[in-house]
Amino acid sequence: MTKKITLIGAGIVGVATASYLRRDGHDVTVVDMRPPGEYCSFGNAGILSPGSCVPLATPGIHWKVPGYLADPMGPLTIRWAYLPKAVPWLLRFLAASNPQRVERIADALRPLLRQTFDAYEPLVRDAGVTDLIRKTGYVVAYDKRSSYVGDTLAWKLRRDRGVVVEELDDAGIKSLVPQLTQHYEVGLYLPEQGYVANPERLTKALAARFQRDGGVVRQREVLDIEVGPAGPRALITSAGRMPVETLVICAGSHSNEFSEKLGDRVPLEAERGYHVTYSDPGCTLPMPVFMPEHKFFITPMEMGLRIAGQTEFAGIAAEPDYARADILDKHMRRVFPKISAVDSTKWMGRRPSMPDSLPVIGQGTKFANVYYAFGHGHVGLCSGAPTGRLVADLVAGRKPNIDLTPYRPDRF
Ligand SMILES: Cc1cc2nc3c(=O)[nH]c(=O)nc-3n(C[C@H](O)[C@H](O)[C@H](O)COP(=O)(O)OP(=O)(O)OC[C@H]3O[C@@H](n4cnc5c(N)ncnc54)[C@H](O)[C@@H]3O)c2cc1C
């Protein structure tokens, strides 16, 4: 039976979910205050990594954090005024780093992420943008062998779950990415991974196809949800009241504002990251490169070369601190001393992050006409289409192809 469905959020998760719901014949309306793909899904590193099953919090993370914070070129910062608000989330984050939980999280993430290419395939084919998906693999380049040794558990977690990881020496790295000129003590090649050449264009193209198929996109801000005894009745928006029957929350880092009104409190943090995109860098790369010691990706996009990374806890509403993007720029000049920064642009985005690195995917605990699809943190692009397909299965009453218990909203 088809339903009348309203979905908040036109990021990659919302648009992919709306697309899968529309393919099932539902009457779907997406509501977003911005055009599709212009919030976090706009400026990510573009990586599609079915193998990224390692949570952010791994054993020993609490020993690494002080070093990251003390390093002026480091990947992590906390605005001290925001720290008291971040503490509950950070404590849950540390609690998720114990070895047994990390194994369980990796067991849950891998089946979701391994569907990345397969779940995008019908969407990009129908939208006419198969060119955006590049299955090139990517290279990981370690300055120091000791750092690689320090990451042994993370690579074991991937290999144990079937992720192909080939070890390279410095010459091997350069045979794959000749543009890298520095010496790297250890390299890895992950052949099954890939990237999206323009994440914004991907989201917009899927949204356009969704609309051509009869889906509706309304640009307005959701200010409140009118909730009755049987669940949500209407959205109160900047353009008036919109009655709802079935509601899907895909509002990225703002989703907890809505889930709380619907009876589900979840620990969601806006984990801010940055990019610099060089539109005319004077070089390109055959595939993305990850520098694990500094935690950034450099991705060859159709708009130029993009370096993306950094984690900043400053609250969802704080202004961007582009000094974080300047750190990425300095790293870029170290990797590519001759890069041209003419026409480079800086950007800040808010990753919707859960402390255990697992998104929330599933039905509301209080109301049967509510579904959630948010909290994808560092892997929202990879898991957008798989999540959309799973939500469509739930709405249709089909058995999802993975166990969604680890993703339930009331797991904390
Ligand atoms: C620097 C950086 C690099 C990254 N690199 C990668 C990567 O390489 N690979 C990967 O898989 N992921 C990556 N990510 C993460 C990825 O970008 C996110 O997980 C993903 O974009 C989240 O998508 P989303 O649709 O959930 O949220 P969003 O894209 O944030 O969309 C949420 C939407 O909800 C709307 N909304 C919110 N509140 C309201 C309201 N009140 N009314 C109306 N609309 C509302 C917003 O306008 C927005 O359009 C990266 C993130 C960052 C910051």
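Five elements, α1 (12–23), β2 (27–32), β15 (269–278), β19 (344–353) and α12 (380–396), each contribute two or more residues to the shell around the ligand. The structure described here is a predicted model. In total, the ligand is surrounded by 41 residues. The closest of these are G11, G252, G273, G380 and L381. Sorted by class, the shell consists of 21 nonpolar, 16 polar and 4 charged residues.

The protein chain is assigned two domains, each made of several separate segments. Domain 1 covers residues 4–41, 201–267 and 357–407, and domain 2 covers residues 54–97, 134–194 and 269–353. The distance between the C-alpha centres of domain 1 and domain 2 is 28 Å. Where the two domains meet, 12 residues of domain 1 are in contact with 14 residues of domain 2. On the side of domain 1 that touches domain 2, 9 residues are polar and 3 are nonpolar, while no charged residue is found there. The ligand lies between the two domains, because domain 1 and domain 2 both give residues to the shell around it.

Helix α1, which supplies residues to the ligand shell, also packs against helix α9 (residues 199–212). The axes of α1 and α9 are 9 Å apart and form an angle of about 25°. Angles under 35 degrees count as roughly parallel, and α1 is therefore roughly parallel to α9. The crossing of α1 past α9 is left-handed. On the α1 side, the contact is made by I12, V15, A16, A18, S19 and R22; on the α9 side, it is made by P199, L202, T203, L206, A207, R209 and F210. The residues of this contact of α1 with α9 comprise 9 nonpolar, 2 polar and 2 charged.

Helix α9 also packs against helix α5 (residues 116–127). In this pair the angle is about 75°, and the axes of α5 and α9 are 9 Å apart. Angles of 65 to 115 degrees count as roughly perpendicular, so α5 and α9 are roughly perpendicular to each other. By class, the contact of α5 with α9 contains 5 nonpolar and 2 charged residues, with no polar residue.

Technical notes:
Residues numbered from 1 in each chain as written. Predicted model: local features only at pLDDT ≥ 70, side-chain atom pairs only at ≥ 80, totals over all residues. Near = placed C-beta within 6 Å. Helix = DSSP H or I, 4+ residues; strand = E, 2+ residues; numbered from the N terminus. Nonpolar A, V, L, I, M, F, W, Y, C, P; charged D, E, K, R; others polar. Domains from an automatic or database assignment. Axes fitted to C-alpha atoms, helices over the stretch in contact; angles between N-to-C directions. Parallel < 35°, antiparallel > 145°, perpendicular 65-115°, else oblique. Left-handed = near helix turned anticlockwise from the far one by under 90°. Contact = placed C-beta atoms within 7 Å.
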